[in-house]
Structures are given as structure tokens and as C-alpha cells.
Amino acid sequence: TSRTYDMVISGGGIVGAALACRIAGSNNAIMKKRRVACLEAFKPKSFGRTFVSVASGHDNNNNNNSSNFNERHAKAAVELVERLDYEHYMLSIFFPPEKRLLYQTIRAYNAEISTIRDSVKGNELTAKMRFQFWRDTLENIYEPNSSNRQIANHPTVIALERACREARLGRQWLERCLNAKEAEMLEKEWTNLSDMEEYAEAAFSSLIYSTIECLGVPEPHEI
């Protein structure tokens, strides 16, 4: 075929077909523009109610969160995740509609701090300034006195501030992830497996804990 597609799903079983239908029928302004191909060697059988339940799930991404979210900034955060963290962007489709934007904002924050290393091109001073920007951002977001908060006019910062307030995200996980990313760039390479495990726990598990919080579980140990 001479047609071009944005996404190709290999396998037209219940999972592949449901995913294709869910994306194709999405009301999301970004997803509805995508052309999806589902490849299957055999004519699929009828899947019944399970398939219908998954494939026809409501996808009201524009209205799936509190009206407190600024739509323009939220959209910019979502587009950042789609561009830099496509795997988790696709994963967010399977989150409850009312939690999807919260999760995408967490991933946008991670994308911002994870790309500092490449964007500064080895300039350590610039890297420190950018990490400090995000450290100051967290300081302002969690400032108890709202009159003292100075939220930067930055799409991801604004989306993150709203997400932290809506989902009551714990500061410790976001800050621990930030510290790990900075230390990994500015300090020496790992010398043993224990160092690598410590970094993985701080940099990646912290994001999982924040995700758990956005889903409404207050403490990770309650899982």
C-alpha cells in the first residue's frame, strides 16, 4: 500500500484490535489526527463484550480533570511527553480519564529534567542553573503561604503546580528524582552495582511513587 500511517499495531487480537479502535475513536485533539494500521494475517473472530468494553471506553481528555488545569499549559505538557517519552504517552491512554493528565504531567516533569544533560552539551554551570530552576520550582509549588508563591510562566511548571495541588503529590518523590538526575550528571560514574541500584531507586522508582499518588493511593506501602 502507498498509504502512510503514524502508528502500526502488529497483531489484530483482542489487545491489538482494542488499542487500534480506542486510538481511532479518541476524542483527543492530538490522537484523532493519527492514522493507525492494525496488521493481522487472519480474519479476526468476534471478541464479544470484553473487547467492546475496552475499545469503546470514554476518552474525554479535554474534560477529564478539574477545570483548574489551564488547557493551554496542559496541552503543552502532553505534547512534550508525546515527543520525548512516547512509550509513557501511549501508556497514559490506559489510565482512568480523570487521572490521565495528572500522569502525563508527572512524565512531562521527568522529561524536562532528564533532557538537561543533553541540552547543556557538557556545560556544567548551565546544568546547575537549570537543575536549580526546578529545585526553586518545587520550593515555590510547596510554599505553604500562597501569597509567597512565585510560579514561573512555564507550561510544565504551571501544569505541575496544578497537578501537585489536585493530586496532593508528595514533594519528596519529585525532589528525590531531581537530585538523582543532577548527581548522575555532575558526579563521577557508578563504581559498583549498589550505586546503580541506588540511582535507579531514586530516579525511576520515585516517579512510580508519584504515579501511585496521582491514582489516589496516599502511601506506596499501602499497595
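**Figure 1. Salt bridge between Arg107 and Asp85 in the predicted model.** Arg107 and Asp85 form a salt bridge whose closest N and O atoms are 3.0 Å apart. The pair links distant parts of the chain, 22 residues apart: Arg107 belongs to helix 5, and Asp85 to the loop between helix 3 (71–84) and helix 4 (86–91). Arg107 and Asp85 are both buried. The structure is a predicted model, and a search of the whole of it finds nine salt bridges.

**Figure 2. Helix 5 and its surroundings.** Helix 5 is made up of 18 residues. From its first C-alpha to its last it reaches 26 Å, close to the 26 Å expected at 1.5 Å a residue.

Figure 3. The largest nonpolar core contains 25 residues. Those with the most contacts inside it are Tyr109, Ile113, Ile116, Trp134, Leu160, Leu178 and Cys214. At least two residues of this core come from each of helix 5 (97–114), helix 7, helix 8, helix 9 and helix 10 (193–214). Trp134 is in contact with Tyr109, Glu112, Ile113, Ile116, His154, Thr156, Val157 and Leu178, leaving aside neighbours within four places in sequence. A second, separate core has 14 residues, among them Tyr89, Ala108, Ala111 and Ala159. In soluble globular proteins, nonpolar side chains tend to be buried together.

**Figure 4. Salt bridge between Glu161 and Arg165 within helix 8.** The closest N and O atoms of the Glu161–Arg165 salt bridge are 2.7 Å apart. Glu161 and Arg165 are four residues apart in helix 8, and therefore separated by about one helical turn. An α-helix has 3.6 residues a turn, so residues three or four places apart point the same way. Glu161 counts as buried because its relative accessibility is 9%, whereas Arg165, at 39%, counts as partly exposed.

Figure 5. The side chains of Glu201 and Arg176 meet in a salt bridge, at 3.1 Å from N to O. Glu201 lies in helix 10 and Arg176 in helix 9, so the pair ties together parts that are 25 residues apart in sequence. Both side chains belong to partly exposed residues: the relative accessible area is 31% for Glu201 and 27% for Arg176.

Figure 6. Arg171 is found in helix 9 and is partly exposed, with a relative accessible area of 24%. Not counting residues up to four places away in sequence, Arg171 touches Leu138, Glu139 and Tyr142. The C-alpha atoms of Arg171 and Ser210 are separated by 9.0 Å, the two residues being 39 apart along the chain.

Figure 7. Most residues other than glycine have a negative phi. Lys121, which is not a glycine, has a positive phi of about 55°. Lys121 is located in the loop between helix 6 (116–119) and helix 7 (124–141), and counts as exposed at 74% relative accessibility. Arg168 also has a positive phi, near 55°. Its place is the loop between helix 8 (155–167) and helix 9 (171–186), and Arg168 is exposed, with a relative accessible area of 74%.

Figure 8. Tyr5, Val8 and Leu39 form a nonpolar patch on the surface. Together they have about 280 Å² of accessible area. Tyr5 is in the segment before strand 1 (7–10) and counts as partly exposed at 32% relative accessibility.

How values were computed:
Residues are numbered from 1 along each chain as its sequence is written. This is a predicted model: local features need pLDDT of at least 70, side-chain atom pairs count only at pLDDT 80 or more; totals for chains, interfaces and linings use all residues. Side-chain values use heavy atoms; hydrogens and water are left out. Buried means under 20% relative accessible area, exposed over 50%, partly exposed in between (1.4 Å probe, protein chains only). Contact means heavy atoms within 4.5 Å. A nonpolar core is a set of buried Ala, Val, Leu, Ile, Met, Phe, Trp, Tyr and Cys residues joined through side-chain atoms within 4.5 Å. The expected span of a helix is 1.5 Å times one less than its number of residues. Patches are made of residues with over 30% relative accessible area and no salt bridge: like charges are joined within 9 Å, nonpolar side chains (Val, Leu, Ile, Met, Phe, Trp, Tyr) within 5 Å. Accessible areas come from the Shrake-Rupley method with a 1.4 Å probe; for residues, only the protein chains shown count as cover. A salt bridge is a side-chain nitrogen of Lys or Arg within 4 Å of a carboxyl oxygen of Asp or Glu.
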